[in-house]
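I opened my notebook and went through this structure one topic at a time. Here is what I looked up.

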Amino acid sequence: MPFAINSIDDLRVAVAAIPYARLLGIECAEQDGGPLFVLPYRDENVGNILLPALHGGVIGGFLENAAVLHLMWAREAQDIPKIVDFSIDYLRSAGPQDLYARCEIVRQGKRVANVLLTAWQHDVARPVATARAHYLLA
């Protein structure tokens with residue numbers, strides 16, 4: 001990215017520059033002074049048409065993109081952090097509706113950052129997935 005991410009509008013520009021984020025349809029909003037990531041429901045993101053339920057890979061990709069973008073926003077950085085480790089826990093089926101995510105930087109040192117992520121649909125108290133990610137900061 002050739003520019004620093006200083007605002008939610010900059011996050012939207014960054015999403016537009018990431019092909020996979022564009023493919024998924026990720027959107028950004030501001031909530032409580034920080035970014036809220038939104039994955040609007042689209043039929044193409046359904047993995048199990050019988051339930052129907054969002055594909056687990058779509059949820060994982062959404063959360064991984066949200067973590068990178070959140071780190072760049074929090075650091076007001078233009079360099080993209082490199083993933084070291086990503087672990088996701090699927091807690092319940094994600095139905096055919098919008099998915100939301102919020103990130104929390106647990107620890108950020110000079111070289112490594114640890115991020116917790118939560119994804120939910122209609123009730124933040126009933127997450128559909130949680131994840132932990134570790135990034136090497138450039």
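My entries on charges, surface, a loop residue and cysteines follow.

**Ground rules**

I am working with a predicted model, in which local features need pLDDT of at least 70 and side-chain atom pairs count only at pLDDT 80 or more, while totals for chains, interfaces and linings use all residues. Residues are numbered from 1 along each chain as its sequence is written, and side-chain values use heavy atoms, with hydrogens and water left out.

**Entry 1: salt bridges**

How many salt bridges does the structure hold? I found three. I counted a salt bridge where a side-chain nitrogen of Lys or Arg is within 4 Å of a carboxyl oxygen of Asp or Glu.

I began with Asp9 and Arg12, whose side chains meet at 2.7 Å, N to O. Both sit in helix α1 (residues 8–17), three residues apart, so about one helical turn separates them. I took helices (H or I, at least four residues) and strands (E, at least two) from DSSP runs, numbered from the N terminus. Arg12 is partly exposed, at 40% relative accessible area. My cut-offs: buried is under 20% relative accessible area, exposed is over 50%, and partly exposed is in between (1.4 Å probe, protein chains only).

Next I looked at Arg42 and Glu44, which form a salt bridge at 3.2 Å, N to O. Arg42 is partly exposed at 25%. Glu44 is exposed, with a relative accessibility of 58%.

Then I turned to Arg132 and Asp89, where the closest N and O atoms are 3.1 Å apart. Which parts does this pair tie together? Arg132 is in strand β8 (residues 129–136) and Asp89 is in strand β5 (residues 82–90), so the pair links parts that are 43 residues apart in sequence. Arg132 is partly exposed at 35%. Asp89 is partly exposed too, at 32%.

**Entry 2: a nonpolar patch**

Which residues make the nonpolar surface patch? I noted Val84, Val112 and Leu136, together about 230 Å². Patch residues have over 30% relative accessible area and no salt bridge; like charges are joined within 9 Å, and nonpolar side chains (Val, Leu, Ile, Met, Phe, Trp, Tyr) within 5 Å. The areas come from the Shrake-Rupley method with a 1.4 Å probe; for residues, only the protein chains shown count as cover. Val112 belongs to strand β7 (residues 112–120). Val112 is partly exposed, at 39% relative accessibility.

**Entry 3: Gln121**

I found Gln121 in the loop between β7 and β8. Is Gln121 buried or exposed? Gln121 is buried, at 7%.

I checked its side chain for polar contacts (N or O pairs within 3.5 Å; within protein, one atom must be able to donate a hydrogen and the other to accept it, and residues adjacent in sequence count only if both atoms are side-chain atoms). A polar atom of the Gln121 side chain lies 2.9 Å from the backbone nitrogen of Gly95. The Gln121 side chain also reaches the backbone oxygen of Gln97, at 3.1 Å.

I then listed contacts, meaning heavy atoms within 4.5 Å. Beyond neighbours within four places in sequence, Gln121 touches several residues, including Leu54, Ser93, Tyr100 and Val128.

**Entry 4: cysteines**

I looked for disulfides, pairs of cysteine sulfur atoms within 2.5 Å. The count is zero. For Cys28, the nearest cysteine sulfur is that of Cys103, 9.8 Å away. Cys103 is in no disulfide either. Cys28 is buried at 7%. Cys103 is buried at 9%.
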